[in-house]
Amino acid sequence: MKRVLDETLESSPIIKRGEYNYFIHPIADGVPLFTSDLLRDVATRTIKKIDTNIDKIVTAEAMGIPIATAISMSTDIPYVVMRKRQYFLEGEVPVHQETGYSKGELYLNGVQKGDRVTIVDDVLSTGGTLIAVIRALERAGAEIVDIVCVIERGDGKAKVKEVTGYDVQTLVKIEVTENGVVILESK
Ligand SMILES: O=P(O)(O)OC[C@H]1O[C@H](OP(=O)(O)OP(=O)(O)O)[C@H](O)[C@@H]1O
Ligand code: HPA
């Protein structure tokens, strides 16, 4: 099957966000154009990697949402979005999130103690976001079954393992320089 993700990644434009070389790709930003071929490729490859005997998929806004939606529509597993906005619902879990270029809060709602959950997200870079999501789920008393991030860059995977003990699966590992994206590994 055509690996649309890999084919499109190598033509990603790069912009500077402070010192951070930020690649722009539809999976990570929704621009310049998010095609159904790309979403299907990502959803199909992610579903193959996870145990679908789970209660919920958990993702973080914004760009985990299309991925979680596509997986949910194929598997009938419902999903929860960790939002940057607070809702003040009973049991809401706030956590601090830091990426390579931003800081803020994320809020978890809708996950109950004992829920079997799988985390999906678009990019794993420093690992800051995943660590925050894992911490929130631990506080909620959920059982984390799988973690899949579509695109891996940097050493976030090792950092997540060191800090939380969890393994993260990814679909592609890339290197980002100011000149562009290079695919190091496609799984
Ligand atoms: O491993 P990290 O360094 O934490 O980077 C990965 C995170 O960065 C992006 O989120 P961002 O907060 O920029 O939100 P977005 O999805 O709205 O772009 C991306 O969607 C991941 O969640
Ligand atoms: O370089 C990036 N591009 C898009 N999304 C991201 N999330 C973390 N790093 C990046």
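Student: In this predicted model, which element gives the most residues to the shell around ligand 1?

Tutor: The shell around ligand 1 holds 17 residues, with Ala 62, Thr 99, Ser 125, Thr 126 and Thr 129 the closest. Two elements give two or more residues to that shell, strand S7 (116-124) and helix H5 (128-140). The most, four residues, comes from S7.

Student: How many residues of the shell around ligand 1 are charged?

Tutor: Five residues of this shell are nonpolar and nine are polar. The charged residues number three.

Student: Which helix supplies at least two residues of the shell around ligand 2?

Tutor: The residues around ligand 2 include Tyr 22, Phe 23, Ala 28 and Asp 29. Strand S2 spans 20-23 and supplies at least two residues of the shell. The helix that also supplies at least two is H2 (26-29).

Student: Which residue is joined to Glu 61 by a cis peptide bond, with omega about -5 degrees?

Tutor: Most peptide bonds are trans. The residue in question lies in the loop between strand S3 (56-60) and helix H4 (65-75), and is among the closest to ligand 1. The cis bond joins Glu 61 to Ala 62.

Student: Is Asp 76, with its positive phi, buried or exposed?

Tutor: Phi of Asp 76 is near 65 degrees, and the residue sits in the loop between H4 and strand S4 (79-82). Because Asp 76 has 7 other C-beta atoms within 10 Å, Asp 76 is exposed.

Methods
Residues numbered from 1 in each chain as written. Chains lettered and ligands numbered in written order. Predicted model: local features only at pLDDT ≥ 70, side-chain atom pairs only at ≥ 80, totals over all residues. Near = placed C-beta within 6 Å. Nonpolar A, V, L, I, M, F, W, Y, C, P; charged D, E, K, R; others polar. Buried ≥ 20, exposed ≤ 12 C-beta atoms within 10 Å, placed from the backbone.
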